[in-house]
Amino acid sequence: MDYHILEARYVSGHVVWLRFRDGVVGEIDLAPALRGPVFEPLRNPTFFRAFTIHPEFHTLVWPNGADFAPEFLHDNVRVTV
């Protein structure tokens, strides 16, 4: 699937730089999406930085089980060159 995340880097605050399989590259500020009990720990910038790319689902995941659908990330990334 083209929405697969191949690379992710922490930028600052709640901003992540992403590179997708289809070549889209950009940044996304996830602060507005951090609502609800599973996302509450991600408001802490130190915990937020603990994301990894799930090897099977190819999206961002955190140690507490929080994740975002890769389609959501792809559709909301601010494309950079």
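Okay, let's start with who His14 touches: Ile28, Asp29, Leu30, Ala31, Leu34, Leu42, Arg43, Asn44 and Phe48, leaving out residues up to four places away in sequence. By contact I mean heavy atoms within 4.5 Å. Before I go on, this is a predicted model, where local features need pLDDT of at least 70, side-chain atom pairs count only at pLDDT 80 or more, and totals for chains, interfaces and linings use all residues. Residues are numbered from 1 along each chain as its sequence is written, and side-chain values use heavy atoms, with hydrogens and water left out.

Back to His14. Where does His14 lie? In the loop between β1 (5–12) and β2 (15–20). When I name strands and helices, those are DSSP runs, numbered from the N terminus: helices are H or I with at least four residues, strands are E with at least two. His14 is buried, at a relative accessible area of 15%. For that word the cut-offs are under 20% relative accessible area for buried, over 50% for exposed, and partly exposed in between, with a 1.4 Å probe and protein chains only. The His14 side chain also reaches the backbone oxygen of Leu42, at 3.1 Å. That's a polar contact, meaning a pair of N or O atoms within 3.5 Å; within protein, one must be able to donate a hydrogen and the other to accept it, and residues adjacent in sequence count only if both atoms are side-chain atoms.

Now the sheet. Two strands pair, by the way, if DSSP finds at least two bridges between them.

Let's walk across. β1 and β2 are joined by 6 bridges. Ala8 stands opposite Leu18 in β2, and Ser12 is opposite Val15. The two strands make a hairpin with 2 residues between them, and Gly13 in the turn has a positive phi of about 50°. Next, β2 and β3 pair over 5 bridges, antiparallel again, with Arg19 facing Val25 in β3. That's a hairpin too, with 4 residues between the strands, and here Gly23 in the turn has a positive phi of about 95°. Finally, β3 is joined to β6 by 2 bridges, and Gly26 stands opposite Val79 in β6.

What about the inside? Nonpolar side chains in soluble globular proteins tend to be buried together. Here the largest nonpolar core has 17 residues, and Val16, Leu18, Leu30, Leu60, Trp62 and Leu73 have the most contacts inside it. A nonpolar core is a set of buried Ala, Val, Leu, Ile, Met, Phe, Trp, Tyr and Cys residues joined through side-chain atoms within 4.5 Å. β2 gives the largest share of this core, 3 residues. Take Leu60: beyond its neighbours within four places in sequence, its contacts include Ile5, Val16, Leu30, Phe51, Phe68 and Leu73.

Then the rings. How many aromatic pairs are there? The count comes to 7, taking rings of Phe, Tyr and Trp (its six-membered ring) whose centres lie within 6.5 Å; planes under 30 degrees apart count as stacked, over 60 as edge-to-face, and the rest as tilted. Phe39 and Phe68 are a stacked pair, 4.8 Å centre to centre with 25° between the planes. Phe39 is in the loop between β3 (25–29) and α1 (45–48), and Phe68 in the loop between β5 (60–61) and α2 (70–76), so the pair ties together parts that are 29 residues apart in sequence. Phe39 and Phe68 are both buried. Ring pairs also link Tyr10, Phe39, Phe48, Phe51, Trp62, Phe68 and Phe72 into a cluster.

Setting aside neighbours within four places, Ala33 is in contact with Phe39, Phe68 and Phe72. Beyond residues up to four places away, Pro41 touches Phe47 and Asn64.
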